Amino acid sequence: MATLLSTTDLTAQFGGLTAVDRVNLTVEEGSVTGLIGPNGAGKTTAFNMISGFLTPTSGSVNFAGREITGHAPHRLAKLGMSRTFQHTSIFANLTVRENILVGMHLKIDQPFFRTLTGRIKPVDEDAVREILNLLELADRAKIQAGSLPYGDQRKLEIAIALAVGPRLLLLDEPAAGMNPEEAMRLVGVIRMIQKRDITVLLVEHNMRLVMGVCDRIHVLEHGRKIAEGTPAEIAANPRVIEVYLGKGQANA
Amino acid sequence: MIWLFAQQMVNGLVMGSVYALLALGLTISFGIARVINFAHGELYMLGAFFTYVAAARFGYLPGVGISVLGMVAIGLLLDRLVLKPLRKGKMSLWAPFLATLAVSVILQNLAMAVFGPDPYLLSSPFAYNPVIIAGLVVTKQDILIAGVSLAATLLLTLFIKKGRYGLAMRAVARDRQTAALMGIGIEKVYMLTFALSAVLAGLAGALVAPKAMVDPFIGRMALLKGLSVVILGGLGNIPGAIAGGLVLGVSEALGAGFISAAYKDAIGYALMILVLLFRPEGILGKKMRRA
Amino acid sequence: MLEVKNLDVYYGPHRALEGFNLSVKEGEIVALVGANGAGKSTLLKVVSGLIRPRSGEIHFADRRVDGLAADAVLRAGIVHVPEGRRVFSDLTVEENLLIGAFSRRDSEIRQDAERIYEYFPVLKERRGQFAGSLSGGEQQMLAIGRGLMGRPKLMMLDEPLLGLAPVMVEKVAEIIQSLNRMGISVLLAEQNITVALGVAHRGYVVETGRITMEGEAGALAADPQVRQAYLGI
Amino acid sequence: MTRQTLTGILLFGLAAAVPAFVANPFYLHTGIALMVNIVLALSLNFILGYVGEKSLGHAAFYGIGGYTAAILAINYALPAWLTLIAGAFVSGLFGLIVGYPSLRLRGPYFAIATLGFGAILQLIATNWVAVTKGPMGMPGVPPISLPNPFGAGFVFSTERPYYYLALIFVALTCWITYRLANSRTGRAFVAIHENVDLAESVGIDTFNFKMIAFLLGTVLAGLIGAFNAHYTNFISPKALEPYLTLNAVTMVIIGGEGTLAGPIVGAVLVTFLPEVLRVAEQYRMVFFGLILLISIIYAPSGIVGLVRNIAGRREAARHGNAA
């Protein structure tokens, strides 16, 4: 497998505080990779630097063979990276279908002036339906997104990110606020995404989900990477157990 | 030439201290309550008119005092009637924007209905006797303006640094939720903020009125000056507002003296646009994140 | 002392707490453990009056306190030290302490501040510095000190160990126990099971807005199921 | 053909038939004033309603269009078709200059910059006497005339041709708005308004699209400003007055931002409501201020939004998903 995404000595400082400290991550093409760590470990900051929402203080990000450090998010989307956000982030006043259409922005070839003169090209309805079906949202297409139940809103977020047609999908705490059944169904969704040759990098607190779905896991603490490995390796790693459960649990 | 320069510097510092007052009011309402008050100019206008009405019976200085009391009431009304309903639910930055814009139009046109469009002259016993100090001409009114502005600025700074509610204001500005956990009545802090902000604007109006005319439209220019200063100094930045006010006053006076009096007012906007282009966080501000 | 009955809390359409029951008795340290996003912070915020519950009741010292504003809850004797410490970074250490006593009108505020400096000498050294310049552990001490300035009967601590270096974790754990010895009851919301259940008398395990286990702290610490709920193994 | 298109065509047919039945020039004049307001409101709607940037200097662009047309027509005797285009173009050029630095920034900077720009422009119009004739304004802007290569051109000497030209501009503006609604660009506009981070993350170049919306708005405002200068034969610094901006903002907000029908409804209300309610002249602006304020506090999505919400709730109820 080839490396799709890598960071080199990625660092973020705010004032005197170093939120992310020389972190090296790699994400193999086709894998589901997890980024975990206790709250405040710097996961979301790292995520924001990778996805272009935050410019790193130093270090670099490489994606699909080119350096993308500090590129604006819309440029990264063009290169095949899309993401979800920690707090539910949808277009609340648009319908579910319109949310997907906005997600397909880059796939619709229709410059501004053609909007005014030429025929408005019909949208690729098959693609829309496919995404809606994948996230089990097909029967909600005409509903205003803001009035969906919470679980459906979280699914819609993923649907929007998939509509971009990414090679790499970044999921920021996709299971936050989901009940256990919903979280387990999310495992199925992520597997399906993986089957479609989309690489996934996820930040998540729900360990059951992380252990169940990831091929590889990176662990951050205090802005530094403290471990990397398969779920089994991570679960057995004394340093990780100490971080999560406190001292003395490793040999319990 | 040197005399002209010095004279314009003095004139500039006098006006600059007024601009600083205006900008301080705008800056605390933005810094603490996240509201850009587009009716701030009308508060200035009301301060001048209140003084005009009160001075006719009680004389100028008592008139200024009465006007200040009136401004407290106006500030509280603005917060309770207009801004408080907008804080319910999710507060967007925009709703208070447009709401204060509407308030600005209402106040301006109410003033017009009451006083008519023609300018009034507010007379002050200090406005007519120039004093010559080291060859520079100033009126007592100028000295009063600079003195009161300086005193008000100092008092405000002191209050915010040392006062019990000044501390509360800073806490709310930084983190509203945690401030609530400390037992700070957030609504009280907002009321205080807008009362203070209105007093600062009204005081500026009351002080400048004897130097210029009073009409229902003077607020528009006052708002723009205040906003230019606030952009110059950095939004929500108190030392920035003071420094920005003085910079604007001096640049305008020098511009009027050496370039063109007609475009004196354009200098502020030109400065503002330059700052927006090259240093949007303001001269004294910290670097901000790209959008 | 604190009695939470049948609490339901919603964020918009999303249910954050469901049929939540919990109690803290006088003089007790109670640990509320569970993964991130389980609802621990939400419970604390509801108790301290930042969030309104949809249904259920909260009683404190024989008074009903649900629906009260944050300052009224504080005056009733409950102090909430929020997650992430949330010290006011551009206020000085001293100002942070003073603001913790904002709800008080008595004349002993200064004395209390001195007592806290005695207790946390590091803070005394830095009393004039901006709180933002303190290290994580020092900020946590400041947050606790600030909370003490409100003279609480019950102190609720939200993730006080988060992101602290191991030495600091032990130090803060000791502080929690000594608070308790001063006669303050403690509700401790924490991810770090070992420390939390180590200092607490009783504990509750929260998963996705529901309490799934409760009991004596030692017994919970020994229960393999708790560990499983955490690591997903 | 959708019901919406049908309604639109019907309305335009009706509007086009009006001059055939109405001879009174005052009524036609009111109709023209209404249509100028509609174009102004719809042009602001691209900025305020679609991408959600609070432009507080819209009158300035209307005024730029007017002054450009007036100066070119009076001083250089350029034909009206050219001055109208020039008015639109110059206004757009200034839109570019103002938008470029301020649309990049988040926060209130754009609103403040546009407000300041409006003030600078009024200052220039009042003081640059050599070009603008100063505060008294420029009378004698020639009427619009259509060129005729074979003889005398057709001069607009009555209200009727102006009425039709205004109707064409309304149709053009409505057409653009309508086409945007279901297009990629229109969706990008709304997406930026709703959630700028998410919009950026799906590949929308948000700065670029904000710029497009702003240029669209300023060009159309300039065009209708130029038209009005020819129609009234006059331009003065009054055309740049902030009250005009506020009128436009009121129309967009009370009607319902980000829709086609909203600003039109708003324009109708702002044009006729004071007449119907017999609001005294000097309280008219107080009245607009109050309805704007009430709308912001109690009906932030405007009249059209209220209607839609009711309809939307029905839709959700039908699907059994009202959460």
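In this predicted model, helix α7 (residues 159–181) of chain D packs against helix α10 (residues 206–232) of chain D at an angle of about 175 degrees, with the axes 11 Å apart. Helices here are DSSP runs of H or I of at least four residues, strands are E runs of at least two, and both are numbered from the N terminus. Axes are lines fitted to C-alpha atoms, for helices over the stretch in contact, and angles run from 0 to 180 degrees between N-to-C directions. That makes α7(D) roughly antiparallel to α10(D), a label for angles over 145 degrees. On the α7(D) side, the residues in contact (heavy atoms within 4.5 Å) include D:Y162, D:F169 and D:I176, and among their partners in α10(D) are D:L220, D:F227 and D:Y231. The residues of this contact split into 13 nonpolar, two polar and one charged; Ala, Val, Leu, Ile, Met, Phe, Trp, Tyr, Cys and Pro count as nonpolar, Asp, Glu, Lys and Arg as charged, and the others, Gly among them, as polar.

D:F227 turns up again in the largest nonpolar core, as one of the residues touching the most other members out of 258. Such a core is a set of buried Ala, Val, Leu, Ile, Met, Phe, Trp, Tyr and Cys residues joined through side-chain atoms within 4.5 Å. Helix α2 (residues 25–51) of chain D gives the largest share, 16 residues. Domain 1 (1–80 + 166–252) and domain 2 (91–163) of chain A, with bounds from an automatic or database domain assignment, both supply residues, so the core lies between them.

Two single residues round out the picture. D:S236 sits in the loop between β4 (234–235) and α11 (242–255) of chain D. This serine is buried, with a relative accessible area of 9%; buried means under 20%, exposed over 50% and partly exposed in between (1.4 Å probe, protein chains only). Beyond four places in sequence, D:S236 is in contact with D:Y67, D:M136 and D:G137. A:F14, in strand β1 (residues 3–14) of chain A, is partly exposed at 43%, and touches A:A19, A:T45 and A:L54, leaving out residues up to four places away.

Residues are numbered from 1 along each chain as its sequence is written, and chains are lettered from A and ligands numbered from 1 in the order written. Local features need pLDDT of at least 70 and side-chain atom pairs pLDDT 80 or more, while totals for chains, interfaces and linings use all residues, and side-chain values use heavy atoms, without hydrogens and water.

Terms used. Parallel < 35°, antiparallel > 145°, perpendicular 65-115°, else oblique.
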